[in-house]
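Colleague: Could you walk me through this one? I'd like to go over the backbone and one of the helices.

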Amino acid sequence: MEAAKAVPAEVAGAPFLSMASRQARAKNPAELKSIQTRLSSTAAKWGRGKPTNMKPLVCIFAHPDDEAFGPGGTIAKEARRRPVYIICATEGEAGKHKGKKTQTDLGKIRAMELQRSTKILGVKKVFSLGFKDGALSNNLYHKLATKIEKILTKIKPDTILTYEPHGISGHIDHIIIAMVSNFVFRRLPFIKTLMQYCVLDSKSRREIAKNYFIYVPPAYKKSQIDLVVNTRAVWDTKVKAMMQHQSQIHDIERILKMSAHLPKKENFLVVSR
Ligand SMILES: [Zn+2]
């Protein structure tokens, strides 16, 4: 692993607790009230409102399909009012697939599926970093961070969006991306908000997690969530984007089955300075 880069001094001391944790730690009613006011103003701004001169949003994922299967509704809503970009670390060539495709073929197919899905969601551009699927690790931490930082410095978003720290499903690639996104957030002071997509605990999720091929970390309780984005109005768009990932049809079916009876809402931990 390369030597860690220093975090800028003015950023190092900033409070990086999520809003929900800050609420839980508030020492007095005045502090609690100020956190709640800030929380509701973030909620009011997010995913609503008319097109403005808002700064870009950059979403950072490990694989094609993470954008659609994850916070696709929020991405679709945000893309209506500000430029949205996606950074995708791999081409997803190690994904499950039917038939005898080589990993190179599958990577090309999945990169195309990502282009189609993001077009439906309204994303302006996808940056593919070309890392090997399933191989994101400590050894690549700073290489990933440097590439992501370079793109962010060019686009200058005020918000970045990634997975919650357990990577939703526990996929190690997701966890690395979540950690590197947090690292980059701390290094780039022009990014004011870090959105971390997470899912709420539910019976259907627990059922699916039982038989999943890797350990799935527990989902979140309502009290831990900082921001809920109502995505009912863009649910059809999200499904249409998901359907572009036909090479991953097994996952589409699983996710649609799991979300059929759940509210069409997406949940986030919000960290802001
Ligand atoms: Zn993934």
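Modeller: Lys-156 is exposed, as 12 other C-beta atoms lie within 10 Å (buried means 20 or more other C-beta atoms within 10 Å of a residue's own, exposed 12 or fewer, partly exposed in between, with C-beta atoms placed from the backbone). This is a predicted model, in which local features need pLDDT of at least 70 and side-chain atom pairs count only at pLDDT 80 or more, while totals for chains, interfaces and linings use all residues. Residues are numbered from 1 along each chain as its sequence is written.

Colleague: Where is Lys-156 found?

Modeller: Lys-156 is in the loop between helix H7 (141-155) and strand E4 (159-163), helices (H or I, at least four residues) and strands (E, at least two) being DSSP runs numbered from the N terminus. Lys-156 has a positive phi of about 55° although it is not a glycine.

Colleague: And Asp-65, buried or exposed?

Modeller: Asp-65 counts as buried, with 26 C-beta neighbours inside 10 Å, and it has a positive phi of about 100° without being a glycine.

Colleague: Back to H7, which residues are buried there?

Modeller: Leu-144, Ile-148 and Leu-152 are buried in H7. They cover an arc of only 55° around the axis (taken from the directions from the helix axis to the C-beta atoms), which puts them on the same side of H7. On the other side of H7, Lys-150, Thr-153 and Lys-154 are exposed.

Colleague: What covers the buried residues of H7?

Modeller: The cover includes E1, strand E2 (84-90), strand E3 (125-131) and helix H9 (172-187).

Notes. Two residues are in contact if their C-beta atoms, placed from the backbone, lie within 7 Å.
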